[in-house]
Amino acid sequence: MEEIIKSIFAEHKDVIDRSAAELTEKIQQASELIINQIKKGNKILLFGNGGSAGDAQHIAAEFTGRFLKERQSLPAIALTTDTSALTAIGNDYGYDRVFERQVEGLASDGDVLIGISTSGNSVNVLKAFETGRKKGCHIIGLSGRDGGAMNDLSDLNIVVPSDVTARVQEVHILIGHMICTAVDNNFD
Ligand SMILES: O=C(CO)[C@@H](O)[C@H](O)[C@H](O)[C@H](O)COP(=O)(O)O
Ligand SMILES: [Zn+2]
């Protein structure tokens with residue numbers, strides 16, 4: 001077990017080092033986009049499956065609650081929390097449309113969608129991106145592996161350089177906290 005723990009620490013550290021080398025500029029661009037759109041009165045919508053649903057909720061709560069300092073509440077919603085919407089849309093339209101329908105009903109021109117998928121290929125995330133684009137939303141992907149179909153469907157796809165879902169997720173939440181730090185520095 002000790003060897004396994006050591007190897008996971010080493011793998012995590014390697015992905016962090018490669019992410020720092022490859023992703024810094026894109027994380028900065030994503031932060032600037034989010035800050036600018038909130039300043040213009042727009043909101044952030046986040047979604048993903050499984051562990052990424054947890055990440056979407058975690059990051060949204062940093063905006064509406066608080067992160068490092070006392071500041072105004074900021075507009076962010078996770079589309080993963082309303083079990084009535086998720087079960088009704090899933091039951092009536094299929095699971096592939098659970099985020100798409102919510103984007104159709106809730107998103108406005110200028111809002112920012114943050115879709116989180118370690119494979120970059122979860123169909124419910126991709127469908128939400130397609131509908132968001134038609135509505136004039138800005139689209140940020142947080143992905144891994146080769147970026148998947150999110151490469152073509154997002155304005156900015158932040159691809160964590162790992163094929164291991166857990167390692168990718170660990171860097172996603174780190175990136176989420178980096179974005180929250182930039183947001184904190186730009187609002188009172
Ligand atoms: O948290 C984990 C694995 O660490 C799982 O719940 C994982 O998120 C689920 O298998 C997701 O369905 C994977 O989807 P995706 O990241 O490829 O979009
Ligand atoms: Zn997990």
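Biologist: In which strand is the place of Ile44?

Modeller: This is a predicted model, and the answers below are computed from it. The place of Ile44 is in strand E1.

Biologist: Is Ile44 buried or exposed?

Modeller: The cut-off for a buried residue is 20 or more other C-beta atoms within 10 Å. Ile44 has 25 other C-beta atoms within 10 Å, so Ile44 is buried.

Biologist: How many Å apart in space are Ile44 and Ile77, C-alpha to C-alpha?

Modeller: In sequence, Ile44 and Ile77 are 33 residues apart. In space, C-alpha to C-alpha, the separation of Ile44 and Ile77 is 6.3 Å.

Biologist: Which residues surround ligand 1, and which element gives the largest share of that shell?

Modeller: The shell consists of Asn49, Gly50, Gly51, Ser52, Ser117, Thr118, Ser119, Ser122, Thr165, Ala166 and Gln169. The elements that give two or more residues to this shell are H2 and helix H7 (165–184). The largest share, three residues, comes from H7.

Biologist: How do the residues of the shell around ligand 1 divide into nonpolar, polar and charged?

Modeller: Ala166 is one of the residues that surround ligand 1, and Ala counts as nonpolar. The shell around ligand 1 divides into one nonpolar, no charged and ten polar residues.

Biologist: Where is Gly50 found, and how exposed is Gly50?

Modeller: Gly50 is found in the loop between strand E1 (44–48) and helix H2 (51–64). Gly50 has 14 C-beta neighbours inside 10 Å, and therefore counts as partly exposed.

Biologist: Why do the residues of the UniProt feature "binding site" that includes Asn49 and Gln169 not all gather at one spot?

Modeller: In an unreviewed entry, UniProt places this "binding site" feature at Asn49, Gly50, Gly51, Glu62, Asn91, Asp92, Ser117, Thr118, Ser119, Ser122 and Gln169. These residues span 121 residues in sequence, and they do not all gather at one spot because the farthest two C-alpha atoms are apart by 32.0 Å.

Biologist: Is Asn91 buried or exposed?

Modeller: The place of Asn91 is in helix H3 (residues 83–93). With 10 other C-beta atoms within 10 Å, Asn91 is exposed.

Biologist: In which helix does His58 lie?

Modeller: UniProt, in an unreviewed entry, also places the feature "binding site" at His58, Glu62, Gln169 and His177. His58 counts as partly exposed because it has 16 C-beta neighbours inside 10 Å. The helix in which His58 lies is H2.

Biologist: How are H2 and H7 oriented to each other?

Modeller: H2 and H7 pack with their axes 10 Å apart, at an angle of about 10 degrees. Angles under 35 degrees count as roughly parallel. H2 passes H7 in a right-handed crossing. The angle therefore makes H2, relative to H7, roughly parallel.

Biologist: How is H1 oriented to H7?

Modeller: Helix H1 (residues 2–39) packs with H7 at an angle of about 40 degrees, with their axes 9 Å apart. That angle is why H1, relative to H7, is oblique.

Biologist: In which crossing does H4 pass H5?

Modeller: Helix H4 (residues 98–106) and H5 pack at an angle of about 20 degrees, with their axes 7 Å apart. H4 and H5 are therefore roughly parallel to each other. The crossing in which H4 passes H5 is right-handed.

Biologist: By how many Å are the C-alpha atoms of Thr131 and Gly148 separated?

Modeller: Thr131 lies in helix H5 (residues 123–134). Thr131 is partly exposed, with 18 other C-beta atoms within 10 Å. Thr131 and Gly148 are 17 residues apart along the chain, and their C-alpha atoms are separated by 18 Å.

Biologist: What is the phi of Arg145?

Modeller: Arg145 is found in the loop between strand E4 (138–143) and helix H6 (150–153). Arg145 is partly exposed, with 18 other C-beta atoms within 10 Å. Arg145 is not a glycine, although its phi is positive, at about 50 degrees.

Biologist: How far apart are the end C-alpha atoms of residues 34–188?

Modeller: The UniProt annotation "domain: SIS", from an unreviewed entry, covers residues 34–188. Over residues 34–188 the chain is 49% helix and 15% strand, and the distance between the end C-alpha atoms is 16 Å.

Definitions and conventions. Residues numbered from 1 in each chain as written. Chains lettered and ligands numbered in written order. Predicted model: local features only at pLDDT ≥ 70, side-chain atom pairs only at ≥ 80, totals over all residues. UniProt positions renumbered as here; feature names shortened; annotations may be inferred. Helix = DSSP H or I, 4+ residues; strand = E, 2+ residues; numbered from the N terminus. Buried ≥ 20, exposed ≤ 12 C-beta atoms within 10 Å, placed from the backbone. Near = placed C-beta within 6 Å. Axes fitted to C-alpha atoms, helices over the stretch in contact; angles between N-to-C directions. Parallel < 35°, antiparallel > 145°, perpendicular 65-115°, else oblique. Left-handed = near helix turned anticlockwise from the far one by under 90°.
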